[in-house]
Amino acid sequence: MPKDSGIGASSKRREDVRFLTGNGNYTDDINIYGQTHVYFLRSDVAHGRIKNIDTSAAEAMPGVVRIFTGADFEGIGSIPCGWQITDRHGQPMQEPAHPVLAIGKVRHVGDPIAAVVAESLAEARDAAEALNVDIEELPAVVDMKAAVKDGATKVHDDLTSNLCYDWGFVEDNKGAVDEAIKSAAHVTTLELVNNRLVANPMEPRVAVGDYNRSNDEHTLYTTSQNPHVIRLLMGAFVLGIPEHKLRVVAPDVGGGFGTKIFHYAEEAFCTFAAKAVNRPVKWTASRSEAFMSDAHGRDHVTKIELALDADNNFTAVRTETYANMGAYLSTFAPSVPTWLHGTLMAGNYKTPLVYVNVKAVFTNTVPVDAYRGAGRPEATYQLERVIDKAARELGVDPIKLRRQNFITEFPYATPVAVEYDTGDYPATMDKLEEIADLSGFEARRKASEAKGKLRGLGVNCYIEACGIAPSNLVGQLGARAGLYDAATVRVNATGSISVMVGAHSHGQGHETAFPQVVAEMLGIDESMIDIVHGDSSKIPFGMGTYGSRSIAVCGSAMVRATEKIINKAKKIASHLLEASEADIELKNGQFTVAGTDKSVAWGDVTLAAYVPHNYPLEDIEPGLEETAFYDPSNFTYPSGAYACEVEVDPDTGKVTIERFSAADDFGNVINPMIVTGQVHGGIGQGIGQALLENCSYDENGQLLSASYMDYAMPRASDVPFFTVDHSCQTPCTHNPLGVKGCGEAGAIGSPPAVVNAVVDALQSGGHKNVTHIDMPCSPSRVWAAMNG
Amino acid sequence: MNLSDSKLIAADRETVWQALLSSDVLKECVPGCQEMSGSPQDGFEATVVQKVGPVKATFKGSVTVSDIVEGTSLTLTGEGKGGAAGFAKGGANVSLSEEEGGTRLSYDVEAKVGGKLAQLGSRIIDGFAKKMADQFFETFREVVEGPAEDTEDTSSDAAPKKKGWLRKLVSNE
């Protein structure tokens, strides 16, 4: 029978009450007395030299408080990058400066040139129109392969070229991989594009800077997934504000999907300007602004080769990828096409040899960084597409080919430097075949054909590395900080609990799921426990939420802190019960002396911890509050198998998703309902990438898809009812909850399933020459593929 | 985007050539033009109000005339800045040749947009540019030829402006 509380219960999301009744407290809801508004004048050319900025007319406009340009930020730090990649030749990546406001040059459409602070947003906008900016337009570099050719225009004049790094992984394997491909019985080659995406969280980015001159304290309210990371990056590297004078608050945040991980120039601007004008400064992005200033995602161009022996065993994988960095290095950008991508290229398969080459390239486009899945969707897509193509070339069943090559023994050390702790890939595939009713597919295909439609089935597997990340390992990989997390469990005198967590919740349901864990451990009601998150002044430390890490890393810290609470509470209980500490048992919120009926309740112990009349002060310190830090010893490796069935209209090329099934192994699950919701959302975004979304630039670097008229977001009618199962559970072996993380899986696993299905549908319609269609599989692309 | 087309104008080549170099003619012919001043030597300054899809803006810009082969061909290059709406740039290579019934005016037009115009209007920009070019050269043809009825009607004090400037142009010669 399903549990109704604690670990494994589908407790209703308590935060939804305020979200659904309009009572959320988002950053834009924060208004401070005396507040000013800032409007950023952004470049409308992709590349240009700033010859002059004349602010005089704008300064005379009504309501203007002050106008800032790049000159105001000379000597202020550059927006930092958090990860350094070492290239194939042992050299560090090229790392350009990233000023808060453009200095000397503008490098992408949307690059901020000047900032007008005024009494109202309307006045700031009007004054920005009066700014007289003289920019000499320069040729723009947009295409990655053209950008790295000799003689290409340079995005950054002080770098030697537009190549950020040329990374090889594992470089020592290169010779053996080349040899294996040369001598293979069969090699399947596929060239593909992983399309550029814009995350488009429902809430655009907002920042409010405040400065208290009486105590020299700065406060930044911001739409962030990780306020402590922003405090560290902005305080230490950009503005030089010590952490005890800088508070960063990320209140309710309306979706992040990765794009709110990074430290952005607007955050530094509002913090800086609040002191400069001695008034609060607020910025709220418009949707148009979000399209040209939020970090974009994906944008890889890849060639992958899969080598097989005569028995269809995978013998080697070799890839060459161009990865777009955009005009500047966003916070985690260099890590996405490398360590979050190359390390996953073994997939679920025992391919003995893998070599991944990635060339990261600067272009005159918006910076590109992590977006839901970050590197792992790119790895999964190319691997699962090439396997599908290989199966077709060899005339074998694509599921059978995968099963034959599955890793089946754990722990398994891949040839790309990671060790999978657990997994059961045949079990998730079995589950998928069952829930997707694959045996009924041929009948459904016939029914579709009877309606004049082509029906296709696409199946794929995925593996991802979550629980980011083991700090020692990521340090070796170039991360400039460890990625552990922290939690403080504060038990109040009457027994209620506040848990201060470093993870930030912006849609994931932490406020419900985290208390379920503590409630389970203590045997008390979930409603007695709240988490506190998103405020650097209330929480000891935390690296935030990304990489499906919250419950695996921060949740583990919370477990460790709760264990300390239990240990101390047992000491107090043993005093109250006049029994030996070793004999005290905690069950259902009662401390009992083992083998007796003597017990005290949770609330008696907590009260005794704070306001006792009789307390062994020499043995136990009063109070009941514990903090723990947690550093995972390995990544976690969620995995699964997905199936998609599409119908294609042969007259129009329109693709309709008819069925979508997901069998995931997330290890132990805290709240199945929330996990299901996470998978739904992830698949929705994956379908968006596969069929609809595409961020497009013209050859001059003009952003062409910067509104919902041109950028097609998935809508309810674009997705089917999903069949989701996470009953296959191989618990993680190295964290206390046995959890793996579920936030990104849907977005990682679904794009190849959709494209495999589209190709299968076209093949079934006799279009035997169609072996690949690049995403998004829009009607025009599918129609063009069918009509040669 | 690029487009090419031609129009047969019922006027001699010299008349068409002079019209091409007249700021008054250009003002008349540029769709949405509010003001136009200058000369072929120094370039023209123009103010144009246009609506491209969802974006309506006043563009202030300049037009330069280059590659002049007297009486035969020239290049018009223009750039307009529309403030928050972004910018538009364009060029037209225009050449004239004599043909039975008048002068053949051939043009190759290239247009580019940037900023908000590109972000919100890129879907429709090709059609928009084609429409602008068609309107420009069609109006140009009408202006040079003069409306058919005007040639009959010489008494009217409500004589169309188009005819007025053409006469002026001719009389200036």
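**Entry 1: chain B, the outline**

I read chain B from the N terminus and got the order β-α-α-β-β-β-β-β-β-α-α. That comes to four helices and seven strands; helices (H or I, at least four residues) and strands (E, at least two) are DSSP runs, numbered from the N terminus.

Before going on, I noted the ground rules. Residues are numbered from 1 along each chain as its sequence is written, while chains are lettered from A and ligands numbered from 1 in the order in which they are written. The model is predicted, so to speak of local features I need pLDDT of at least 70 and for side-chain atom pairs 80 or more, whereas totals for chains, interfaces and linings use all residues.

I checked burial next. Of the 173 residues of chain B, 35% count as buried. Buried here asks for 20 or more other C-beta atoms within 10 Å of the residue's own, exposed for 12 or fewer, and partly exposed lies in between, with C-beta atoms placed from the backbone.

Then contacts, meaning two residues whose C-beta atoms, placed from the backbone, lie within 7 Å. Taking contacts in chain B with a separation of 6 or more, I found that 49% join residues 24 or more positions apart.

I looked up pLDDT, the predictor's confidence in each residue, from 0 to 100. Chain B has a mean of 82, and 84% of its residues reach 70 or more. Where is confidence lowest in chain B, and where highest? Helix α4 (residues 161-172) of chain B is lowest at a mean of 50, and helix α1 (residues 13-20) of chain B is highest at 92. Residues 150-164 of chain B have pLDDT below 50, though this stretch has twelve contacts in the model beyond near neighbours in sequence. Where pLDDT is low, the predicted coordinates should not be read in detail.

I followed β5 (residues 73-81) of chain B and its partners. Strands pair if DSSP finds at least two bridges between them.

- Strand β4 (residues 55-69) of chain B runs antiparallel to β5(B), with eight bridges joining them. V69(B) stands opposite S73(B).
- The hairpin of β4(B) and β5(B) has three residues between the strands, and G71(B) in its turn has a positive phi of about 75°.
- On to strand β6 (residues 87-99) of chain B: nine bridges join it to β5(B), again antiparallel. T75(B) has N93(B) as its bridge partner there.
- This hairpin has five residues between the strands, and G83(B) takes a positive phi near 60°.

Which residues of β5(B) make up its covered face? I listed L74(B), L76(B), G78(B) and G80(B); the uncovered face has S73(B), T75(B), T77(B), E79(B) and K81(B).

**Entry 2: where the chains meet**

I counted 13 residues of chain B in contact with 14 residues of chain A. On the chain B side, β7 (102-114) and α3 (116-145) are the elements that give two or more residues. The largest share, six residues, comes from α3(B). By class, the chain B side has four nonpolar, six polar and three charged residues. (Nonpolar covers Ala, Val, Leu, Ile, Met, Phe, Trp, Tyr, Cys and Pro; charged covers Asp, Glu, Lys and Arg; the others, Gly among them, are polar.)

**Entry 3: chain A**

Chain A has 19 helices and 28 strands. Its C-alpha atoms fill a box of roughly 85 × 70 × 55 Å along the principal axes. Buried residues make up 56% of its 788 residues.

I noted three domains, with bounds from an automatic or database domain assignment: domain 1 (16-22 + 485-630), domain 2 (31-138 + 205-284) and domain 3 (300-469 + 634-786). The C-alpha centres of domain 1 and domain 2 of chain A lie 39 Å apart. Their contact takes 14 residues from domain 1 and 18 residues from domain 2.

**Entry 4: one residue of chain A**

I picked F441(A), which sits in helix α12 (residues 441-450) of chain A. Is F441(A) buried, exposed or partly exposed? F441(A) is partly exposed, because 18 other C-beta atoms lie within 10 Å. Leaving out residues up to four places away in sequence, F441(A) touches L457(A) and E645(A). F441(A) and L457(A) are 16 residues apart in sequence and 7.7 Å apart in space, C-alpha to C-alpha.
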